[in-house]
Amino acid sequence: MSTVAARKSKFNLRAFIFFEALTLLAGLAGGLLGGIDGFSSLTKPPLTPPAWFFPIVWNILYVLMGIAAYLVWNSNDVDRAPPLRMYLYQLGVNMLWPFFFFRLQWRLFAFFWLLLLIVLVTLTMTGFKYIRKAAYRLMNPYILWLFFAGYLNLSFYLLNK
C-alpha cells in the first residue's frame with residue numbers, strides 16, 4: 001500500500017486504546033515485578049534523577065510508544081507485522097528489566113539485558129521508520145532514555161558492588 005493511502009486510514013479508537021493499554025500494562029507489570037525496594041539505599045551516580053521522576057518519565061514514554069505502535073498498525077501497510085512483533089518483543093524485554101535490576105539485584109546482568117533492549121528498540125524503530133515516520137519520531141525519546149538508563153545501570157553496578 002502506498003504511503004499516501006496509508007496516511008488516510010481512519011482513526012480506530014478501539015485499536016488506539018488497545019495499544020495504549022497494552023503498553024501501559026506492560027510498564028505496570030514491570031514495575032510490579034521489580035518494585036523499587038532498595039533504590040534509596042544505593043550509592044547514586046551523578047545525574048541520577050529523584051525516585052519520583054522515574055514513573056513520570058516512564059509513563060510519558062509508554063504513552064508515546066503506544067501511539068507509535070498504533071500509527072504503524074493503523075497504516076494498513078502490508079509490512080507492518082514484523083515491526084509490530086518486534087515492538088511486542090521489546091515490550092517483554094523492557095518489562096523484565098526492573099525484575100533483574102531491583103528484585104534480583106543482578107545489576108550487571110540487567111545492564112546487558114538493557115543492551116539487548118536497545119538493540120530490539122533500534123530494530124523496532126527501523127521498521128517503524130519505513131512505515132510511519134511519525135511513529136519512528138515518537139520512539140526517539142524512548143531510545144534516548146534507554147541510553148541514559150544504560151549509563152545509570154552500569155554506574156549503579158560499579159558504585160554498589
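I found Thr124 in helix H5, residues 107-131 (helices are DSSP runs of H or I, at least four residues, numbered from the N terminus). This is a predicted model, where local features need pLDDT of at least 70 and side-chain atom pairs pLDDT 80 or more, while totals for chains, interfaces and linings use all residues. Residues are numbered from 1 along each chain as its sequence is written, and side-chain values use heavy atoms, leaving out hydrogens and water.

Buried or exposed, I asked about Thr124? Thr124 counts as buried because its relative accessibility is 0% (buried means under 20% relative accessible area, with a 1.4 Å probe and protein chains only). I looked for its contacts (heavy atoms within 4.5 Å) and, leaving aside neighbours within four places in sequence, got Pro83, Met86, Tyr87, Gln90 and Met139. A polar atom of the Thr124 side chain lies 3.4 Å from the backbone oxygen of Met86.

Next I checked the largest nonpolar core, which has 44 residues (buried Ala, Val, Leu, Ile, Met, Phe, Trp, Tyr and Cys joined through side-chain atoms within 4.5 Å). H3 gives the largest share of this core, 11 residues. Met139 and Tyr142 are among the residues with the most contacts inside the core. Not counting residues up to four places away in sequence, I saw Tyr142 touching several others, including Trp58, Gln90 and Val121.

Last, I looked at H3 and H4. Residues of H3 including Trp58 and Met65 meet residues of H4, among them Tyr87 and Gln90.

Note on methods: Helix = DSSP H or I, 4+ residues; strand = E, 2+ residues; numbered from the N terminus. Buried < 20%, exposed > 50% of the residue type's maximum accessible area, 1.4 Å probe, protein only. Polar contact = N/O pair within 3.5 Å; in protein donor to acceptor, adjacent residues only side chain to side chain.
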